Amino acid sequence: MTTAYSPSSDLVLDEAPRRLGRAQRAGIALLVVIALFALFGPWLVGIDPARQQLERFLEAPSLAHPLGFDQLGRSMLARLAHGARLSLSLAAISVLSAAIPGTLLGLLAAWRGGWLERVLAAFADAVLALPGLLLVLLLTAFTPGGFWPLYVGISLALWVEYFRVVRAASRILLASPHVEAARLLGFGPVHIVRRHLLPELLPRLFTLMRFGFAGAVLAMSALGFVGVGLQPPTPELGVMMIELLPYYGEAPWLIGAPVLLLFLTLLGLLLLAPEREAA
Amino acid sequence: MMTNPALAVEDLAVLHGEQALVRDISFEIPARGVFTLLGESGSGKSLLAQAIMGNLPSTLRCEGRVAIGGEKTPAGDQSSRHRGWGRRLALLPQEPWLALDPTMMVRAQVAETYAVVANEPRSRARMLADRALASLGLSDAAHKYPFMLSGGMAQRVAFLATHAAGAPLMIIDEPTKGLDADRRGEVLELLRSAQAQGMSLLCITHDIWLARALGGRLAVMLEGAMIEQGEAAGVLAAPRHDYTRRLLAADPGSWPAWTAPAVAPDAHPIVQVDQVGKSYGRQALFSGIDAHIKAGEIVAVSGPSGSGKTTFGNIVLGLARPDSGSVQRAAGLALTAFQKIQQDPGAAFAPRIRLRQSLLDLVKLHRLDWGVLDALLARMRLAPALLDRLPHQVSGGELQRIALARVLLMKPALIFADEPTSRLDPVTQQDVFALLQEHLRDARCALLLVTHDADIVDRVAGRRIDLGR
């Protein structure tokens with residue numbers, strides 16, 4: 001037996017370490033700050049966002065109250081913190097509840113094929129034919145002002161994307177030589193999904209989720225803005241914007257705060273994009 | 001002009017940090033000359049071609065001088081050579097059918113070079129493209145898309161597209177890779193006619209047959225250095241360097257005949273294939289094929305490309321269903337006793353999982369002994385540290401040996417090897433076959449072999465199943 005190991009051809013060329021770009025790091029930092037604000041902000045500010053001090057209405061920012069008071073004398077910082085918490089958690093929940101069933105159904109369709117795949121694909125196409133906003137409006141029309149119709153509606157409109165991407169990519173992967181080899185070696189579906197499919201799918205799913213999250217935050221604010229989403233006095237970013245719009249002349253910082261927060265959240269999400277997009 | 005060599009390379013080196021990947025390269029190609037670089041994958045011959053083109057990855061540094069048609073530039077000054085692309089030097093890439101634009105028809109693709117690189121007006125470019133296509137017998141293909149062409153035709157189209165702007169020097173990377181033996185003659189003819197038109201060729205290959213047929217000068221590369229250089233006929237007839245001798249001996253044409261393991265005439269067949277047929281849509285691939293494969297037997301499947309050799313193997317393995325006939329596997333054999341070795345080892349492993357993890361999963365699944373795998377890997381001369389890499393970070397030959405070890409770990413009764421070495425260089429190819437032979441004999445395992453190389457079939461297989469009837 002010899003111990004002479006043959007040299008490998010690509011010792012150096014493929015070893016480029018995966019590093020985060022500057023933009024990605026900035027995006028992460030921004031999102032961490034916003035997440036901390038949403039998580040701990042309400043507790044740090046410690047003021048009830050619904051408590052009215054009518055004598056202080058439209059009071060200008062000061063050191064004690066950095067964002068001043070709104071038209072009903074409620075602390076703007078407290079309202080912003082609660083609004084951020086509500087909007088972001090709603091968006092996170094709707095993205096996850098769209099991504100998880102969408103991914104599972106996509107895997108199921110690609111794996112089983114046949115009539116099941118055709119039925120699922122036809123259903124997904126039917127949902128896609130309906131504008132997402134219309135679906136949400138329809139659901140909120142039944143139970144106005146609630147939290148659940150919003151959440152269900154946004155998830156229902158979003159799962160299709162995950163389903164389509166996962167199904168298309170999985171079909172190609174399932175036909176590939178490495179999955180064939182795994183099957184011949186006796187591996188079952190759990191292993192194939194875990195080692196062969198998910199590592200390829202996750203980067204694409206992450207891209208979709210980032211855009212989905214940004215879309216959900218925007219959709220919620222837009223719905224609040226047109227008055228079908230959550231209703232005042234709930235501190236939600238879109239609702240706050242519509243409430244504060246009439247005062248942009250006297251107190252521009254009031255309307256500016258939720259707009260800026262939304263802008264920074266979306267900016268952070270978009271900055272996360274790797275230099276080479278994987279979707 | 002005639003006094004200037006078409007290409008002169010002086011003291012060329014390619015470095016990654018302090019490590020020299022290619023070093024001390026000096027050679028000259030006279031006008032209308034041919035220079036062949038022979039060597040295994042990983043010997044640095046493609047890096048050398050990239051350095052001459054001025055197309056190295058930015059992490060690599062390059063030293064020395066390159067003169068093209070008498071115009072001398074420092075090798076490090078890559079951008080100055082970019083301007084000559086298409087006009088002064090051209091590259092015919094490996095597997096050129098992958099380099100053609102899949103959405104463009106053949107004539108438009110050739111005309112594009114005339115129009116954009118040679119600055120001809122559009123109408124004249126189309127006329128020139130037609131004339132060029134006709135000169136290589138491709139007139140019928142002018143309005144086809146690349147996927148409708150055979151490998152040899154695609155190669156001629158790519159040749160026309162790269163050569164249209166009249167570059168006098170062409171670098172040709174592995175022109176026979178992935179082509180059937182009967183297509184190699186076409187490649188040779190193409191290269192000879194290019195030479196007759198006054199072009200100089202730098203041909204990179206590990207195909208000894210092609211090197212011999214092209215003639216001209218030849219250099220052998222090993223681990224980034226040129227170990228032997230001279231007239232092709234002389235070097236190939238009387239190699240001085242030990243490695244060149246090994247390289248020549250590894251050509252399947254000069255392998256010793258394989259002593260096929262004795263098969264007992266009354267041995268029970270592992271697989272019985274009776275009157276099997278398969279068709280895709282309206283096109284029948286094969287029909288009425290009978291085969292009884294016994295333990296320890298080596299059976300080649302032959303037939304022209306597109307005759308369904310891979311499909312036949314998949315039917316034997318149970319991966320595909322035949323349209324007619326029956327396949328019976330011997331009773332008492334587990335499903336995992338039927339294994340496959342793929343053509344492209346890089347595609348046979350989960351791409352984002354480290355090799356050690358993939359193999360650990362397998363050992364755990366079947367409650368095997370990791371020690372057995374270790375012993376197998378050692379016999380395959382594989383360093384254990386290789387397993388900590390991702391599949392694409394390991395060379396093709398190493399990966400194919402890992403794939404072989406993985407398959408042998410399952411104690412198979414039959415292995416279907418689908419072009420197992422067509423992407424490997426001759427030395428590695430011989431290596432893989434020798435290991436395969438050794439293990440087949442020990443394990444009394446049958447091998448169903450698909451290969452386009454008639455020499456390998458002659459040397460290795462006990463008998464053959466012909467699908468091309």
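Me: Which residue in the turn between strand 1 and strand 2 of chain B has a positive phi?
Reply: This is a predicted model, in which local features need pLDDT of at least 70, side-chain atom pairs count only at pLDDT 80 or more, and totals for chains, interfaces and linings use all residues. Residues are numbered from 1 along each chain as its sequence is written, while chains are lettered from A and ligands numbered from 1 in the order in which they are written. Strands (E, at least two residues) and helices (H or I, at least four) are DSSP runs, numbered from the N terminus. Strand 1 and strand 2 of chain B form a hairpin with two residues between them, and the turn residue with a positive phi, of about 65 degrees, is G17(B).

Me: How many bridges join strand 1 of chain B to strand 2 of chain B?
Reply: Two strands pair if DSSP finds at least two bridges between them. Strand 1 and strand 2 (residues 19-29) of chain B run antiparallel. H16(B) has Q19(B) as its bridge partner in strand 2 of chain B. The number of bridges is seven.

Me: Which residue of strand 4 of chain B is the bridge partner of L15(B)?
Reply: Strand 1 (residues 7-16) of chain B also pairs with strand 4 (residues 61-68) of chain B. That pairing is antiparallel, over seven bridges. The partner of L15(B) is R61(B).

Me: Which strands stand at the edges of the open sheet of six strands in chain B?
Reply: The order of this sheet is 6-7-8-3-9-10, with mixed pairing. Each edge strand has a single partner strand, so one side of each is left without a neighbour in the sheet. The edge strands of chain B are strand 6 (89-92) and strand 10 (225-231).

Me: By how many degrees are neighbouring strands of this sheet turned against each other on average?
Reply: Axes are lines fitted to C-alpha atoms, for helices over the stretch in contact, and angles run from 0 to 180 degrees between N-to-C directions. For this average, direction is ignored. The value is 15 degrees.

Me: Which residue in strand 7 of chain B is the bridge partner of L89(B)?
Reply: Strand 6 and strand 7 (residues 169-173) of chain B pair in the parallel sense, over four bridges. Helix 5 (residues 151-163) of chain B lies across both strands, at about 160 degrees to strand 6. The partner of L89(B) is L169(B).

Me: Which helices are included in what covers the buried residues of helix 12 of chain B?
Reply: A residue is buried if 20 or more other C-beta atoms lie within 10 Å of its own, exposed if 12 or fewer, and partly exposed in between; C-beta atoms are placed from the backbone. In helix 12 (residues 370-379) of chain B, the buried residues are L373(B), L376(B) and L377(B). They fall within an arc of 95 degrees (directions from the helix axis to the C-beta atoms), so they line one face of the helix. The cover includes, from chain B, helix 11 (355-365) and helix 13 (396-409).

Me: Which exposed residues sit on the face of helix 12 of chain B turned away from its buried side?
Reply: Just after this helix, R381(B) takes a positive phi of about 55 degrees. The face turned away from the buried side carries G371(B) and A375(B).

Me: Which helices of chain A do the buried residues of helix 8 of chain A pack against?
Reply: Seven of the eight residues of helix 8 (residues 237-244) of chain A are buried, so this helix is largely enclosed by the rest of the structure. Contact means C-beta atoms, placed from the backbone, within 7 Å. The packing partners in chain A are helix 2, helix 7 (189-226) and helix 9 (252-271).

Me: How many helices does chain A have?
Reply: Of its 279 residues, 37% count as buried. Chain A has zero strands, and its number of helices is nine.

Key
Two residues are in contact if their C-beta atoms, placed from the backbone, lie within 7 Å.
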